[in-house]
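Here is a short briefing on a protein model. Read it with the sequence and structure in view.

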Amino acid sequence: MEINWVIIGIVVAVVIVLIVFTTKKNQKEKKKLTDLLNNDFKKPEEDEPNFDDAANEK
């Protein structure tokens, strides 16, 4: 039984390309999610009054 190195080389190359492709796609998705989570927030309403403004009104 002889080992066919050409077939093994092709399979290894395909696996490496698949790993690189998956990693790059994952990094893009991670960046998109990070940007979305960092920029998608609503400014909370002020629960406490600003005492400096209240002092100026009197």
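Asp-35 and Lys-31 sit 4 residues apart in helix α1, which means about one helical turn separates them. They form a salt bridge, with the closest N and O atoms 3.2 Å apart. A salt bridge here is a side-chain nitrogen of Lys or Arg within 4 Å of a carboxyl oxygen of Asp or Glu.

This is a predicted model: local features need pLDDT of at least 70, side-chain atom pairs count only at pLDDT 80 or more, and totals for chains, interfaces and linings use all residues. Residues are numbered from 1 along each chain as its sequence is written, and side-chain values use heavy atoms, leaving out hydrogens and water.

**Overall**
- The protein has 2 helices and 0 strands; these are DSSP runs, with helices (H or I) of at least four residues and strands (E) of at least two, numbered from the N terminus.
- Buried residues make up 0% of the 58 residues. Buried means under 20% relative accessible area, exposed means over 50%, and partly exposed lies in between (1.4 Å probe, protein chains only).
- The protein exposes about 6,400 Å², and carbon and sulfur atoms supply 62% of that area. Accessible areas come from the Shrake-Rupley method with a 1.4 Å probe; for residues, only the protein chains shown count as cover.

**Salt bridges**
- The count comes to 2 salt bridges.
- In the pair described above, Asp-35 is partly exposed at 34% relative accessible area, whereas Lys-31 is exposed at 53%.
- Glu-29 forms a salt bridge with Lys-32, and their closest N and O atoms are 3.9 Å apart.
- Glu-29 and Lys-32 are 3 residues apart in helix α1, so about one helical turn separates them.
- Glu-29 is partly exposed at 42%; Lys-32 is exposed at 54%.
- Side chains of opposite charge can pair when their charged atoms come close.

**Nonpolar patch**
- Ile-3, Trp-5, Ile-8, Val-12, Ile-16 and Val-20 make a nonpolar surface patch of about 590 Å².
- Patch residues have over 30% relative accessible area and no salt bridge; like charges are joined within 9 Å, nonpolar side chains (Val, Leu, Ile, Met, Phe, Trp, Tyr) within 5 Å.
- Ile-8 lies in helix α1 (residues 5–39). Ile-8 is partly exposed, at 39% relative accessible area.
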